[in-house]
Amino acid sequence: MEQVLAAVSHTLQPAGLSPMQAMKPGRGERRVLVLSLYCTPPQRRYLVQFIHLVAVVRPVRWELRPRAGDDATSH
């Protein structure tokens with residue numbers, strides 16, 4: 001988890017992205033770190049860079065959901 005939070009500080013925050021963080025129960029005794037954030041289309045490349053950086057060490061499940069009223073598509 002420290003590596004993920006370091007990646008947040010190194011990759012997302014300099015790009016102006018400030019995710020909200022939450023810990024949720026996972027399978028068994030594990031806990032899952034959930035990061036939620038809003039990003040603009042130009043900021044998406046930093047989000048993708050972050051996902052690839054973190055996924056090298058841990059599997060990452062992610063969802064991109066447009067805000068209501070945006071005409072972007074879900075991935």
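Helices here are DSSP runs of H or I with at least four residues, numbered from the N terminus, and A7 sits in one of them, helix α1. Keep in mind that this is a predicted model.

## The overall layout

Let's start with the chain as a whole. Its secondary structure comes to two helices and two strands. Reading from the N terminus, the elements follow the order α-β-β-α. The chain has 75 residues, and buried ones make up 19% of them. What share of the contacts with a separation of 6 or more comes from residues 24 or more positions apart? The share is 39%.

## Two helices side by side

Helix α1 covers residues 2–12, and helix α2 covers residues 44–55. Their axes come within 10 Å and cross at roughly 150°. Angles over 145 degrees count as roughly antiparallel, so α1 is roughly antiparallel to α2. The crossing of the two helices is right-handed.

Which residues do the meeting? On the α1 side they are V4, A7, V8, T11 and L12. On the α2 side they are Y46, L47, Q49, F50, L53 and V54. Sorted by kind, the residues of this contact are nine nonpolar and two polar, with no charged ones.

Take A7 to begin with. Is A7 buried or exposed? A7 has a relative accessible area of 5%, and because buried means under 20%, A7 is buried. Setting aside neighbours within four places in sequence, A7 is in contact with L12, F50, L53 and V54. A7 also has I51 at a C-alpha to C-alpha distance of 9.3 Å, although the two are 44 residues apart in sequence.

Then there is T11, which also has its place in helix α1. T11 counts as buried, with 5% relative accessibility. With neighbours up to four places away in sequence left aside, the contacts of T11 are Y46, Q49, F50 and L53.

## The hairpin

Now for the strands. Strand β1 takes in residues 20–25, and strand β2 takes in residues 31–36. The two pair in the antiparallel sense over six bridges. How do individual residues line up? K24 has V32 in β2 as its bridge partner, while M20 stands opposite S36 in β2. Between the strands of this hairpin there are five residues, and G28 takes a positive phi near 65°.

S36 belongs to strand β2. With a relative accessible area of 34%, S36 is partly exposed. Leaving out neighbours within four places in sequence, S36 is in contact with P19 and M20.

## The start of the chain

Where is M1? M1 lies in the segment before α1. M1 is exposed, at a relative accessible area of 55%. Not counting residues up to four places away in sequence, M1 touches M23 and L33.

## Pairs separated along the chain

Here are some C-alpha distances gathered in one place, including the A7 pair from above.

| Pair | Apart in sequence | C-alpha separation |
|---|---|---|
| A7 and I51 | 44 residues | 9.3 Å |
| M1 and V32 | 31 residues | 9.3 Å |
| S36 and L64 | 28 residues | 9.9 Å |

As for accessibility, A7 is buried, S36 is partly exposed and M1 is exposed.

Terms used:
Residues numbered from 1 in each chain as written. Predicted model: local features only at pLDDT ≥ 70, side-chain atom pairs only at ≥ 80, totals over all residues. Heavy atoms only, no water. Axes fitted to C-alpha atoms, helices over the stretch in contact; angles between N-to-C directions. Parallel < 35°, antiparallel > 145°, perpendicular 65-115°, else oblique. Left-handed = near helix turned anticlockwise from the far one by under 90°. Contact = heavy atoms within 4.5 Å. Nonpolar A, V, L, I, M, F, W, Y, C, P; charged D, E, K, R; others polar. Pairing = 2+ DSSP bridges. Buried < 20%, exposed > 50% of the residue type's maximum accessible area, 1.4 Å probe, protein only.
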